[in-house]
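Biologist: Please take a close look at a single part of this model, the aromatic pairs, and describe it with the cut-offs that apply.

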Amino acid sequence: MTVTGKVSASSLGLVLPHEHAFIELRNLVPAPHTISGKVLAREKVNMSNIGRLQRNPYAVLDNAVLEDEKIMEWEILQFKKAGGTTFVDLTLRDIGRDPVLLARLSRALDIKVIAGCGYYIKASHPPDMDDKTIEGIAAELLHEIKHGIDGTNIKAGVIGEIGTSEIIYPNEKKTLIAAAITQKETGLGLHVHTDLWATNGYEVVKILTEHGAAPEKICINHIDVDIKLDYIKDLLNKGVYVEFDNFGKEFYSDKRHRSVLKGLFARDIERVRAIKELINHGFLTRILLSNDICLKTCLHSYGGWGYDHMITNIMPMMEDEGFTTEQIETLMVHNPAAFLDDGKD
């Protein structure tokens with residue numbers, strides 16, 4: 001299900017399975033402790049601070065919001081020009097989701113856009129989250145999938161990215177269970193955001209499968225920041241997908257500047273080589289690849305690699321590392337189509 005209607009899984013073409021066109025993360029960034037940090041936080045992204053943002057991308061709050069429709073239209077057009085066909089937007093309620101804007105982008109660019117549904121991490125939950133029940137949350141998700149999002153007739157076509165933090169808080173567990181119930185009923189793929197340095201994918205998979213979610217429709221996100229191959233293989237052996245979705249992000253936030261980020265990000269070449277090893281161990285059909293763009297500095301317009309990074313830069317890198325054409329097509333076309341396919345006509 002796209003924001004403009006139902007399509008066949010075989011028509012999705014080259015897919016970015018985890019992106020954000022419009023997002024608002026400023027409220028999730030802790031306030032800086034120093035006077036100079038507070039001054040920097042109030043700046044706009046520009047050439048004078050872009051170097052600092054390559055190390056600590058949340059030092060300037062303006063970097064944590066994507067809201068300009070004209071810029072987004074041009075940026076996603078570059079993805080289409082490079083050969084991209086389908087854009088999955090996993091922005092959720094309370095962090096900037098706008099289904100009307102997504103539908104407008106889809107029609108303007110003639111690309112397929114798929115919208116997510118659910119609740120993100122605890123820090124973004126609405127004030128009444130404690131009062132929500134598992135059954136009530138599941139009913140909300142089912143309404144957005146079957147009828148439409150936020151009073152529109154624009155339907156969600158994927159669940160998530162459901163949020164979990166460095167630990168899984170009680171309300172996050174509620175949303176996971178509700179997502180599992182929804183997945184079981186709808187057959188949709190289910191994305192789960194996990195803390196970038198934690199290994200709580202084990203607990204996530206346990207909760208989801210115990211409540212009826214199909215392992216082959218679960219994707220554990222963000223396993224490519226601190227690459228732990230044994231952990232990733234353990235997850236894959238449970239039958240779920242894992243997602244390398246931080247391509248283009250090679251940050252390092254030292255102890256002076258840690259807030260949202262806690263240290264070193266893997267480099268793109270390390271991601272590619274880890275994927276090659278996983279393929280060699282037989283996991284080719286359980287890996288998804290994306291950029292998860294949620295910062296201005298990831299966009300071409302602000303000096304970044306853009307949504308076309310996977311096609312323009314990473315696919316050639318994979319070829320350099322010995323990936324076959326068939327393997328790249330499986331990763332970029334067949335795997336996301338299988339994950340997104342609800343199995344219904």
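Modeller: Phe-251 has a relative accessibility of 4% and therefore counts as buried, a term that stands for under 20% relative accessible area, with over 50% called exposed and values in between partly exposed (1.4 Å probe, protein chains only). Phe-265 is buried as well, with a relative accessible area of 3%. This is a predicted model, in which local features need pLDDT of at least 70 and side-chain atom pairs count only at pLDDT 80 or more, while totals for chains, interfaces and linings use all residues. Residues are numbered from 1 along each chain as its sequence is written, and side-chain values use heavy atoms, with hydrogens and water left out.

Across the whole structure, a search finds five aromatic pairs, where rings of Phe, Tyr and Trp (its six-membered ring) pair if their centres lie within 6.5 Å, and planes under 30 degrees apart count as stacked, over 60 as edge-to-face and the rest as tilted. One of them joins Phe-87 and Tyr-307 edge-to-face, at 5.1 Å centre to centre and 75° between the planes; Phe-87 sits in strand β4 (residues 86-89) and Tyr-307 in the loop between β10 (287-289) and α10 (309-320), 220 residues apart. Both Phe-87 and Tyr-307 are buried. Phe-251 and Phe-265 also form an edge-to-face pair, with 5.2 Å between the centres and 70° between the planes. Each of these two residues lies in the loop between β9 (241-244) and α9, so the pair ties together parts that are 14 residues apart in sequence; helices (H or I, at least four residues) and strands (E, at least two) are DSSP runs, numbered from the N terminus.
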